[in-house]
Amino acid sequence: MFTIRAVRASLCDLPGIETPRLSIASLRLEDADALRRLTDDPAITAAVDFLPAPFTLQDAEDLIQSGRRGQDRFLGAWTRGAAADESPGGELIGVVGTHLRGAGAIEIGYWIGGAARGRGFAFEAVSAIIGHLAGRFPSRTIVAECRPANIASWELLKKLGFRDTGEEGHRPGRRLLRRS
């Protein structure tokens, strides 16, 4: 006799993704100091409600390890050009979070470091990850939460095909957007 097990959705094994300017891969503990340096920025910690300020090395390690259960995964976006045996790329310039929400949704969120903002890196990284998630989880809806006053992120999400649902997000002051 044998038992058939349902395959459980997991984000544990998301592959690395290469774009023209970025290498995107799951953050590893070795990346914790780079993550701390990128994220310990008041513009980032004020915009992302679950990030403490200051953002310490321990906070970075905890964020990376939060993906062990497979329901959440944080991917780093590095500029391309490092040696193959180093981190996936040169400088860590951003993070994209992926989060399984119930049986039918995947939430994405992101932050980009100050020097890299306004250069199209967020669009490049998030669109690559969305493309992968849509192919891997075709029955799930991809969602995001954003403050309407965060014009740059709101416009980026619209450019990526997200539409305001008219619903409040589960984080304070945010609206739920769904990718059409």
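**Figure 1. Confidence across the predicted model.** Mean pLDDT (the predictor's confidence in each residue, from 0 to 100) is highest in helix H1 (residues 32-39), at 98, and lowest in helix H2 (residues 42-47), at 94. Helices (H or I, at least four residues) and strands (E, at least two) are DSSP runs, numbered from the N terminus. The protein as a whole has a mean of 91. Residues are numbered from 1 along each chain as its sequence is written. In this predicted model, local features need pLDDT of at least 70, side-chain atom pairs count only at pLDDT 80 or more, and totals for chains, interfaces and linings use all residues, while side-chain values use heavy atoms, without hydrogens and water.

**Figure 2. The largest cavity.** A cavity is a set of points on a 1 Å grid over the protein atoms alone where a 1.4 Å probe fits but cannot get out; a pocket is an open set with protein on both sides within 12 Å along at least five of seven lines, and lining residues have an atom within 4 Å of a point. The largest cavity holds about 40 Å³, the volume being the space filled by probe spheres set on points joined across faces, edges and corners. Leu14, Pro15, Ile17, Leu75, Ile129, His132 and Leu133 line the largest cavity, and helix H4 (residues 121-136) supplies the largest share, three residues.

**Figure 3. The largest pocket.** Strand E5 gives the most to the lining, with six residues.
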